[in-house]
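This report goes through selected strands, helices and side-chain contacts of one protein structure. Please keep the sequence and the coordinates at hand while reading.

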Amino acid sequence: MAHTPRLLLLASLAVPAGFMSSCSSPSKPQAVDAPVRIRWARDPESLDPFTQPNQNAVEAQGLLSGGLLAVNPETRKYEPFLAEALPQVSYSGDSLTLLSYRLKPVATWDSGQPITAADVAFTLKLIFCKGVPNEGFQLQDAFIREIKSDPRDARRFTLVCKGKAPDYVQASGDFPVVPEAALDPEGRLRKYSLAEIQGRASASRRAELAQVQQLIATRYTAASPAQHPQALGGCGPYALKEWSRDRQAIFTRKKNWWGDKAGNSVLFQAKASQLAYVIIPDESAAALALRSGQLDVFPNVPARVFERLKNSSTAQQQLAFYTSPTYEVMTAGFNTSRPALHDAATRQALSRLFDAEQLRQASQLGKGFRTVGLISPQEKGKYNDSLNLIPYSPSAAAELLTKAGWHRSPAGWSRQLGKSPAQQLSLQLRYRGSDTNYELVALQFASAAKALGIPVALAPTESGVLRGLLQSGDFDMYVQSIKGNPFLFNFLPILGTAGIGEGNLTRFASPAADQLMQQVAAAESSAERDVLLRRFQALMQQQLPLVPLYFVANRVIASKDVAGVNVMSLKPGYLASTIYHVVPAK
């Protein structure tokens, strides 16, 4: 789901398409020290650890920084990254979970200084510090109520969490840790508890705390980590070497990275000395660059491009083809704050104008699958298979509009609700202009709406501008995919009232939905969570702040001059850090 809180949590190895195999050959290929060049369709826009406007920004953060835990794509399980082990779990009373961590002794910052519990405590306080762009993480990590450091061990600490949800073990390690020394070398925030910074403790020191927070926020703004991530320093395997907006971003492998001493896990592999992300919005141009040897990896390949190259005997000699299912769902969202779209009945009617099956066939060439909601049908027990898929039916749409109070005339659809001004059903639909799949959805909906007498103004928008317009509510409808996962189910950042203006692009506000989402996130057992998830999907299908269309398939094409291509079910769909150049086969 988008920061957007980090949702890059689980990866499953893919089965290569056709006859290609991702297994290594009997003799290990000889490595060559050369940059690995990867296509990005868009600029990351920001390298701020707490502001990740798109998936490329999330991927970049995985190179620059790290959290307590990470998911190993080979074992498909959470494993320690900065942490020495998974947290030890204990309970305090009936309502608190205690998660005890210890950091790896080898874990250090770029400066060579050890990463300590003070850095973790500072990061958590920074997440809730006023003036820092951290709204998405606040919603994600609100269950952490306090951090207690061990006075006998600078690397040991305990997180105090509200509730007893089993998901807390994984979720507690899912935030990028920031060095205290970069923003608070005097340790000014140390004297204040996390509870005080979250506004839950005594107000006796509120005035002085506000001054400290303003100082930290000013330093954060001055550091400008969105453009200069090196100002904070990191703990990931790569450092930013060059970033030319809308052209390329180059990351260089650190020579003395602490992860080299952390073991043989794939989490600590950083094969290439340089990763060069080349920004090529046009899909045909990207395919040409791959075939001409100017690219090594083409992720998120459109289905038609993928099939065309896979069926080319010449391309098969040069390239390897990989596919996998994903947890990315294509959606169409409504601006529920607009009077004409505020009622669920109107949204229900308009949802019948999306031909989701035809769109899936056209964009995915039969791959992917339909869905009733944001939970993947792959997740048995969690997916609400008792719900029906939303049908494509313009006649039903017209009938439902009439029931919602709309009247059709030669001038279009209109309605009068009480003493409110008369409403006209005329829609503006925004989407990222460079994405053919988004455009396909927009065109199909607009065509169906036009046939029903509903004018739709299509507004393809440049990616760097689009998110700001969506966050400010400058749209009626939008098309966008949501990147989910099969582990954590906190929907508050993207559908909760507190997420409006940040991750909640639909501006959907419902106390009942907020309460249910909170219950899902805090469920104390898998069985309880699954029941709540099914209830949540039913509520969302009834309210329809957004229309789930289909889950997409992941397609990656790579040059045979590189090895170590691990393709995954979650975005970005591959693991860049394991890819390296090899001597070309003769």
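Which residue of β22 does Tyr 322 stand opposite? The residue opposite Tyr 322 in β22 is Val 556.

## Basis of the description

The model is a predicted one, in which local features need pLDDT of at least 70 and side-chain atom pairs count only at pLDDT 80 or more, whereas totals for chains, interfaces and linings use all residues. Residues are numbered from 1 along each chain as its sequence is written, and side-chain values use heavy atoms, with hydrogens and water left out.

Helices (H or I, at least four residues) and strands (E, at least two) are DSSP runs numbered from the N terminus. Of the 16 residues of strand β14 (residues 319-334), 14 are buried, so the strand is largely enclosed by the rest of the structure; buried here means under 20% relative accessible area, with exposed over 50% and partly exposed in between (1.4 Å probe, protein chains only).

Two strands pair if DSSP finds at least two bridges between them. With strand β22 (residues 546-559), β14 pairs in the antiparallel sense over twelve bridges, while seven bridges join β14 to strand β21 (residues 477-483), again in an antiparallel arrangement. In the latter pairing, Val 329 has Ile 482 of β21 as its bridge partner.

## A four-stranded open sheet

Elsewhere, four strands form an open sheet with antiparallel pairing, in the order β6-β7-β9-β8. The edges are taken by β6 (88-92) and β8 (144-150), each of which has a single partner strand, so one side of each is left without a neighbour in the sheet. Strand β6 is joined to strand β7 (residues 96-102) by five bridges, the two running antiparallel, and Ser 90 stands opposite Leu 98 in β7.

Helix α17 (residues 511-521) has Ala 513, Asp 514, Leu 516, Met 517 and Val 520 buried. These residues cover an arc of only 165° around the axis, which puts them on the same side of α17, the arc being that of the directions from the helix axis to the C-beta atoms. Among what covers the buried residues of α17 are α16 (492-495) and α18.

Gln 541 lies in helix α18 (residues 526-543) and, at 17% relative accessibility, counts as buried. A polar atom of the Gln 541 side chain lies 2.9 Å from the backbone oxygen of Asn 388. Leaving aside neighbours within four places in sequence, Gln 541 is in contact (heavy atoms within 4.5 Å) with Gln 348, Val 372, Leu 387, Asn 388 and Ile 390.

Terms used. Polar contact = N/O pair within 3.5 Å; in protein donor to acceptor, adjacent residues only side chain to side chain.
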